[in-house]
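Thank you all for coming; I would like to take a few minutes to walk through one model with you. Please have a look at it first, and then I will start with the terms.

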Amino acid sequence: MPVLNLIQIFGQPVPFVSEYKYLGSILDAKLNFDSHIQRAVTKAKNSSFALRRLIAPKSTLATKHKLLLYKTIVQPVKLNGSPIWGTTSIRNLRKLQFFQNQQLARIVNAPWYVRRKLIHQDLKIDLVLDFMKIISKKFFKKITPDSQRIVATSTLRPSRSYFSQET
C-alpha cells in the first residue's frame, strides 16, 4: 500500500479520517453514505417516536392531520440533504422506503395484507426515490448559469478595490 504524503493547509496538517460530518451530511471514504442513511433513519425514528401518541392508530386525530405531521416533521428529518446523497445504493434507499412504509401503514392503521403501493396512492405520497428525484430537480433548477459562473470565478482573496478608500 503506497504511503500518502500528509496534506497541509496553511501549515496545519489535515488528518485522514474515515468519516466526516459536513453541513449535516456524513461523508465517508467511498461516498456511499451508508452511515448518513443509518443516522437519518435513526433520527426519523426518534422524531416519529416523539409523535407516537398523535400518529398512533388509536389516536382521535384525523388521518390528514397525522399525514401532515409526518410530512412536516418526520420526512424532512429523513430526507435532509437528499440532493447530495441521492446517488446512494438501492439498499440504502430500501431502508428509507421501508421506514416510510411502516409509518404510513401506522398512520392509516392498515392491516398487514394491504399493499403499501395502495397506501401510497390513497394518501397521494410519492415513493422515496420519486420524491428525491422531484426535490433534486428543484434543487438543481435553482442553480442558474449565472450562479455557476459566480462560483467558478470567485477567489479566496478579495479584490484590491475592496480595500482602497474612496474619498
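Let me begin with burial: a residue is called buried under 20% relative accessible area, exposed over 50%, and partly exposed in between, with a 1.4 Å probe and protein chains only. What you see is a predicted model, in which local features need pLDDT of at least 70 and side-chain atom pairs count only at pLDDT 80 or more, while totals for chains, interfaces and linings use all residues. Residues are numbered from 1 along each chain as its sequence is written, and side-chain values use heavy atoms, with hydrogens and water left out.

First, the overall picture. The protein chain has 9 helices and 4 strands, where helices (H or I, at least four residues) and strands (E, at least two) are DSSP runs numbered from the N terminus. Along the sequence the pattern reads β-β-β-β-α-α-α-α-α-α-α-α-α. Of the 167 residues in the protein chain, 27% are buried. If we take contact to mean heavy atoms within 4.5 Å, then among contacts between residues at least 6 apart in sequence, 55% join residues at least 24 apart. The accessible surface of the protein chain is about 13000 Å², and carbon and sulfur atoms account for 60% of that; these areas come from the Shrake-Rupley method with a 1.4 Å probe, and for residues only the protein chains shown count as cover.

Gln100 lies in helix α5, and because its relative accessibility is 0%, Gln100 counts as buried. Which residues is Gln100 in contact with, leaving aside its neighbours within four places in sequence? They are Tyr70, Gln75, Lys78, His120, Ile125, Asp126, Leu127 and Val128. Ile55, in helix α2 (residues 52-55), is likewise buried, with a relative accessible area of 0%. Not counting residues up to four places away in sequence, Ile55 touches Lys66, Arg106 and Ile107; Ile55 and Lys66 are 11 residues apart in sequence and 5.5 Å apart in space, C-alpha to C-alpha.

Next, helix α7. This helix covers residues 128-142, 15 residues in total, and spans 21 Å from its first C-alpha to its last, close to the 21 Å expected, that expectation being 1.5 Å times one less than the number of residues. Within α7, Val128, Met132 and Ser136 are buried. Why do they lie on the same side of α7? Because they cover an arc of only 65 degrees around the axis, the arc being that of the directions from the helix axis to the C-beta atoms. The buried residues of α7 pack against α3 (63-78), α4 (82-85) and α5 (90-108), whereas on the other side of α7 Lys137, Lys138 and Lys141 are exposed.

Finally, the rings. Rings of Phe, Tyr and Trp (its six-membered ring) pair if their centres lie within 6.5 Å, with planes under 30 degrees apart counted as stacked, over 60 as edge-to-face and the rest as tilted. A search of the whole structure gives 2 aromatic pairs. Trp112 and Tyr113 form an edge-to-face pair, 5.6 Å centre to centre with 90 degrees between the planes. The ring centres of Phe139 and Phe140 are 5.0 Å apart and their planes lie at 75 degrees, so this pair is edge-to-face. Trp112 counts as exposed at 75% relative accessibility, and Tyr113 counts as exposed at 57%, while Phe139 is partly exposed at 35% and Phe140 is partly exposed at 46%.
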